[in-house]
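Q: I would like a close look at a single part of this model. Please keep it brisk and stay with the geometry.

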Amino acid sequence: MALSQLLYLLSACRIWLTYPVCGFLAMLADLTNEVSPLTLVVMSLERYVAVCYPLRHATIITIRNTGVAIVVVWAFSSLNVLIQVILLLDFPFEELESLQMKDYCSDIAMFLSPIPDHYKKAFTCFLFVSAGVTVTCSYIGVMIAARSASTDKASAHKARKTLLLHLVQLGLSLSSTVHDPLIIAMSKFLDRVAISRIQSILYVCIILLPRCLSALIYGIRDQTIRPILIYHLCCRLKLPRLGSQPT
């Protein structure tokens with residue numbers, strides 16, 4: 001969210017960056033975007049192990065294995081960013097009149113040749129198809145295990161709700177990938193002022209809102225955070241309980 005806000009403010013203030021600076025910020029933002037669905041995959045697999053293999057959960061889900069999973073997620077995402085950087089470096093920058101950009105800083109502006117664009121689309125499709133299949137299979141596995149008499153029904157029910165939430169989060173993360181194609185498609189028949197306004201609306205709806213919504217949902221589900229969250233959302237007003245008499 002911090003990186004996306006920074007790029008948005010730079011565009012809103014009409015600050016043109018150089019290609020190297022924009023490339024660094026765009027690749028860093030792309031890295032954090034790709035970590036999100038992979039993290040959901042790891043969390044879904046943890047819930048699957050907790051329900052389907054409860055006796056082995058403590059030995060499989062350890063602090064060490066959790067650290068290894070985090071390192072693998074970030075290493076895989078970093079490898080993808082590294083490939084994109086290599087593809088960008090293949091562009092003959094010396095043929096440009098200046099390294100100063102003449103447009104807003106975004107990953108679209110960094111697609112100076114069609115190869116990085118094709119690679120990003122292919123990787124995005126692979127990432128979300130594989131993540132969606134993994135989370136869906138985990139959900140099916142939990143549902144099958146829930147019908148077993150030896151399975152803790154409460155734990156299985158809670159795991160099903162958690163995996164459904166992960167599927168929703170994955171869909172919200174996927175919505176951010178349609179931001180750039182929508183802007184490109186609309187730029188062909190709309191003027192620049194209309195595109196800027198639509199881009200601001202899409203930025204709030206499909207980039208900022210999903211990231212805020214995930215934290216909000218987890219806050220509401222947590223029994224410790226929920227009363228504090230509702231207390232502040234209601235402007236610190238103490239709402240009377242049903243059936244209680246006003247004093």
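Which helix gives the most to the nonpolar patch, and with how many residues?

A: This is a predicted model. Helix α8, spanning residues 192–221, gives the most to the nonpolar patch. Its share is four residues. The patch covers about 410 Å² of surface. Its members are L209, L213, L216, I220 and L233.

Take L209 to begin with. L209 sits in helix α8. Its relative accessible area is 47%, so L209 is partly exposed; the exposed class needs over 50%. L172 is 37 residues away in sequence. In space, the two C-alpha atoms are 8.8 Å apart.

Now L213. This leucine, too, belongs to helix α8. L213 counts as partly exposed because its relative accessibility is 30%. The class in question runs between the buried limit, under 20%, and the exposed limit, over 50%.

For context, here is a helix pair elsewhere in the model. Two packed helices are described by the angle between their axes and the distance between the axes. For helix α2 (residues 19–52) and helix α4 (residues 63–89), the axes come within 9 Å. They cross at roughly 145°. The crossing of α2 and α4 is right-handed. On the α2 side, the contact residues include M27, L31, V35, L38 and V42. On the α4 side, they include V73, W74, F76, V81, V85 and L88.

Definitions and conventions: Residues numbered from 1 in each chain as written. Predicted model: local features only at pLDDT ≥ 70, side-chain atom pairs only at ≥ 80, totals over all residues. Heavy atoms only, no water. Patch = residues over 30% accessible without salt bridge, like charges linked within 9 Å, V, L, I, M, F, W, Y side chains within 5 Å. Areas by Shrake-Rupley, 256 points an atom, 1.4 Å probe, with all protein chains shown as cover. Salt bridge = Lys/Arg side-chain N within 4 Å of Asp/Glu carboxyl O. Helix = DSSP H or I, 4+ residues; strand = E, 2+ residues; numbered from the N terminus. Buried < 20%, exposed > 50% of the residue type's maximum accessible area, 1.4 Å probe, protein only. Axes fitted to C-alpha atoms, helices over the stretch in contact; angles between N-to-C directions. Left-handed = near helix turned anticlockwise from the far one by under 90°. Contact = heavy atoms within 4.5 Å.
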